[in-house]
Amino acid sequence: MSRYIVVGCGAAGNSAAETIRKLEPDAEIRMFTREGAFYYYRPALTEYLAGEKPLNKFTLHDGAWYERNRIDVHLSTEIVRIDPGARVVTTKEGRTFVYDRLLLATGGKSSRPDIKGADAPGVFTLRTLEDADAILKRAESAKSVALIGGGLLGLEAGNGLRKRGLKVTVVERNPRMLPRQMDPAGAHLLQHRMEEMGFSFLLSERTREIVPANGRLTIHFESGNALEADMVLFSAGVEPELTLARQIGLPIGRAVKVDDKMQAGLEDIFAAGDDIEHRGRYYGIWPAAMAQGRAAGANMAGKETLYEGTLQANRLKVAGIDLISMGDIDAEGDDECVVRADEEKCIYRKLVIENHAVAGAILLGDLRGEKEILAAIEGHKDISLVKKMMEEEGFDLSGIK
């Protein structure tokens with residue numbers, strides 16, 4: 001009987017464990033996570049902050065699911081050491097477990113800028129349920145929050161706190177919000193709608209330091225300007241959790257380097273999710289973690305499966321408004337584009353055309369045709385014959401063969 005250990009209980013770890021169980025019904029599977037909760041949908045933490053969704057409504061696998069699938073989950077248990085030679089892992093409490101094949105699915109952690117005061121009381125990041133609970137406790141007595149960084153998850157977290165009555169100010173070092181997901185025109189339209197909802201924006205401002213005093217926080221900017229708030233939430237992106245990978249000497253670039261089988265450079269050690277890079281690309285998105293986990297699990301169980309990459313696509317709500325950003329969004333306006341915008345309804349739809357094919361898209365407020373658009377991008381399909389009709393009928397790609 002094969003013994004599998006999965007370090008991490010997120011999207012990659014769970015999809016790997018589920019795949020292993022299907023391929024090896026009698027295998028021993030153990031999962032370890034530092035968190036105290038079973039597998040949950042991390043993007044829903046923003047709805048949890050808003051008080052709109054309790055944990056049980058976004059838990060993807062509960063305890064009963066793991067029991068049915070005979071997967072032994074160790075909650076609140078951190079793996080602190082891996083011995084690849086002996087094939088043994090050690091927990092923080094000193095317990096040891098033997099494996100035949102191991103998956104590192106340690107995920108990512110929220111980035112904190114290297115500035116003075118970034119770790120002061122009242123300064124938070126949002127990545128885990130524990131983070132969300134700490135934010136909610138502070139919010140009970142707060143009236144204002146400064147959201148530093150205009151990232152997707154952070155903006156929606158800010159919207160959750162706005163719904164609880166806090167005044168939200170978004171601080172972004174770039175001249176527009178969501179620079180990786182939106183072009184200038186789309187970002188301006190979204191910002192205008194969010195300002196109508198009560199958000200304030202400080203763009204092109206770089207934080208120099210955060211100074212706590214008298215229960216409040218003052219954010220000082222390199223420009224010389226300053227902002228006071230009762231709490232600060234960093235939304236500065238995600239970085240891979242690489243502590244164990246470094247400890248055992250895995251090859252690391254921006255993250256753990258893996259091959260198409262998700263092998264990580266040491267015999268019978270695999271990696272998947274937000275802690276890896278594949279063919280030089282770091283994804284950090286849910287669909288990629290799921291696909292990588294499935295590929296890793298299959299290869300660990302002996303079924304050769306190649307992971308060939310995932311289209312960079314983000315699908316989230318921003319202040320309650322649906323947004324999909326996929327492929328090349330042509331942020332600088334260099335390519336041929338088809339754009340439809342309705343500022344009153346906060347709708348912005350853009351297709352980027354390169355070499356007679358759809359290379360990317362932004363869909364804000366109106367997601368019609370998303371599946372066809374995604375298929376056209378992934379398949380590099382020639383749209384020459386339907387381009388005119390597509391422009392006239394609002395991005396209808398159903399005629400593509």
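A residue counts as buried under 20% relative accessible area, as exposed over 50%, and as partly exposed in between. The exercises below use this cut-off on a predicted model.

**Exercise 1.** Classify both partners of the salt bridge between Arg216 and Glu228.

*Solution.* Step 1: the closest N and O atoms of Arg216 and Glu228 are 2.9 Å apart. Step 2: Arg216 lies in strand E14 (residues 216-221) and Glu228 in strand E15 (residues 226-229), twelve residues apart. Step 3: Arg216 has 30% relative accessibility, so it is partly exposed. Step 4: Glu228, with a relative accessible area of 48%, is partly exposed.

**Exercise 2.** Determine whether Glu241 is buried or exposed, and locate its salt-bridge partner Lys109.

*Solution.* Step 1: the side chains of Lys109 and Glu241 form a salt bridge with an N to O distance of 3.8 Å. Step 2: Lys109 sits in strand E8 (residues 108-110), and Glu241 in the loop between strand E17 (238-240) and helix H7 (243-247), 132 residues apart. Step 3: the relative accessible area of Glu241 is 12%, so Glu241 is buried. Step 4: Lys109, at 35%, is partly exposed.

**Exercise 3.** Find how the buried residues of helix H4 are arranged and what they pack against.

*Solution.* Step 1: in H4 (residues 129-139), the buried residues are Leu129, Ala132, Ile135, Leu136 and Ala139. Step 2: viewed down the helix axis, they fall within an arc of 120 degrees and therefore line one face. Step 3: the face turned away from the buried side carries exposed Glu130 and Lys137. Step 4: the buried residues pack against helix H2 (45-49), strand E9 (123-125), helix H5 (152-163) and strand E16 (231-234).

Notes: Residues are numbered from 1 along each chain as its sequence is written. This is a predicted model: local features need pLDDT of at least 70, side-chain atom pairs count only at pLDDT 80 or more; totals for chains, interfaces and linings use all residues. Side-chain values use heavy atoms; hydrogens and water are left out. Buried means under 20% relative accessible area, exposed over 50%, partly exposed in between (1.4 Å probe, protein chains only). Helices (H or I, at least four residues) and strands (E, at least two) are DSSP runs, numbered from the N terminus. The arc is that of the directions from the helix axis to the C-beta atoms. Contact means heavy atoms within 4.5 Å. A salt bridge is a side-chain nitrogen of Lys or Arg within 4 Å of a carboxyl oxygen of Asp or Glu.
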